[in-house]
Every structure is written in C-alpha cells, then in structure tokens.
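Trainee: I would like to go through the terms used for this model and see what each one rests on.
Mentor: Go ahead, one term at a time.
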Amino acid sequence: MTAVDVKKAPSEAVTRGTYFLVTLAVVMLGWIIAAVNTGISYIALGTDVIPIVIGLIGCVVFAIVLRFLHCAWWLAVLSFLPAVSVLVGSVQYAPEAALDNRGVRETVRITADSAAANGGSHHRFTLEGRLGQLEETLDYDGDHPDWEVGDRIEVISDPKGVVPLAAASRVDSGGQLGTLVLGVVGWTCVTLLAGLRGFVRRSAGRRPAFEDTD
C-alpha cells in the first residue's frame with residue numbers, strides 16, 4: 001500500500017482556517033437549537049410535550065454533527081451531559097418566566113389532598129384563598145410532597161389560564177435561564193474540543209468513518 005493510500009493528498013488536506021469555520025458553524029448550531037427550542041416552548045405554553053420532543057431531536061442532531069466534526073463518537077456521547085441542561089432549561093424557562101411576569105401571587109391554605117383517600121402518589125391539592133376555593137389545584141407527583149393539608153403557602157397562577165398554577169417557591173425563571181446557559185456553554189466547550197481533535201485526526205489522514213471509535 002502506498003503512502004497515498006494511507007494519507008490524503010496535499011490538495012485534499014483540511015486547512016486550519018476552514019476547520020475553524022466548520023467548528024464555529026457547529027457552535028452556532030448548538031446555540032440555534034437552544035434558542036429555537038426556547039422559542040417553541042414560549043409558543044406552546046402549557047404543552048410541554050412539544051418542546052420536549054423537538055428538543056430531544058435537536059440534541060440528537062447536534063450529537064451526530066459533533067461526531068462528524070470530531071471523527072469519533074466519545075465526544076458526541078459526552079455532549080448529552082450538557083444537552084440535559086439545554087433541554088430542561090429551554091423547556092422550563094418559558095412557563096416559569098410567564099408566571100414571573102404576568103402571574104398573580106396569592107397566599108392560600110391547602111384544604112384537601114386527592115391522594116389521601118387512595119394513598120397514591122398523584123397529589124391534587126385543593127386550595128382556598130381569601131375569596132374562597134380556587135378552581136385550579138396544586139399538582140404534585142411523588143411520594144413525599146412538600147406540603148400537606150392545613151399548610152399555608154404562596155402560589156402563582158396565570159390569569160390567562162395557559163400555564164398551570166405553581167407554588168411560588170418552585171418558580172425560578174432565573175435559575176432555569178442559568179441552566180440553559182450552562183448547557184449551551186457546555187456544548188460550546190465540547191464543540192471546540194471536538195474541532196481541535198477532529199482537525200488533528202483529519203490532518204493525519206483519519207476519515208470520518210463510523211468504524212472509528214477513538
């Protein structure tokens with residue numbers, strides 16, 4: 001086998017400038033995926049399944065593109081760690097921001113728990129405010145809720161009825177935005193590393209074949 005069979009010809013070699021632009025494009029792709037999914041979450045307020053599904057698709061697409069940039073799978077798999085932050089932040093930021101911006105705060109008393117009768121983990125707390133019983137319930141899925149009948153808590157409700165009522169202590173749009181930004185920063189760092197390693201691998205003649213595992 002000749003040297004030409006092992007390595008690329010000089011005319012096929014990837015230049016550093018070109019690879020930097022490709023890497024930058026992948027970084028921008030990650031930012032766009034995060035921004036678009038956050039926008040979709042705003043448009044589909046009250047329907048979390050839509051941004052969740054689209055966000056998952058975006059994360060998978062980003063991982064596949066990262067694999068070709070790097071010429072290996074391990075960084076693509078590693079990108080799913082910050083992808084969790086991107087997904088959670090982009091899905092949760094919009095509804096919590098809506099409650100923060102237009103929500104009505106009220107101190108209420110819990111008068112009943114739907115799980116009390118059957119002992120299940122699907123809690124629907126009935127609330128009573130200063131004007132009487134609220135139409136909305138405070139929902140909690142889990143075995144150990146933070147509240148019980150008789151507790152007085154502050155809740156935030158959406159006057160438009162789009163975003164479900166939530167306990168004020170659990171609404172933190174700033175924290176969700178921070179989670180989203182942290183995920184995007186993680187994606188950016190992984191992409192820059194993938195670009196550097198991918199350039200070295202291609203310069204050495206390693207092609208982006210699926211059988212390359214390192």
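Trainee: How do you know that the span of helix α2 agrees with its number of residues?
Mentor: Helices are DSSP runs of H or I with at least four residues, numbered from the N terminus. The expected span is 1.5 Å times one less than the number of residues. Helix α2 has 28 residues (16–43) and should therefore span 40 Å; its end C-alpha atoms are 40 Å apart, which agrees. The model is predicted: local features need pLDDT of at least 70, side-chain atom pairs count only at pLDDT 80 or more, and totals for chains, interfaces and linings use all residues. Residues are numbered from 1 along each chain as its sequence is written, and side-chain values use heavy atoms, without hydrogens and water.

Trainee: Why is Ser 90 called buried?
Mentor: Buried means under 20% relative accessible area, exposed over 50%, and partly exposed in between (1.4 Å probe, protein chains only). Ser 90 has 0%, so Ser 90 counts as buried. Ser 90 is in helix α5.

Trainee: What does Ser 90 touch, not counting residues up to four places away in sequence?
Mentor: With contact taken as heavy atoms within 4.5 Å, Ser 90 touches Ala 34, Asn 37, Thr 38, Ser 41 and Leu 180. Among the buried residues of α2 are Ala 34, Asn 37, Thr 38 and Ser 41. The cover over the buried residues of α2 includes α3 (49–70), α5 (80–102) and α7 (173–203).

Trainee: Why is Trp 31 called partly exposed?
Mentor: Trp 31, in helix α2, has 39% relative accessibility and therefore counts as partly exposed.

Notes:
Helix = DSSP H or I, 4+ residues; strand = E, 2+ residues; numbered from the N terminus.
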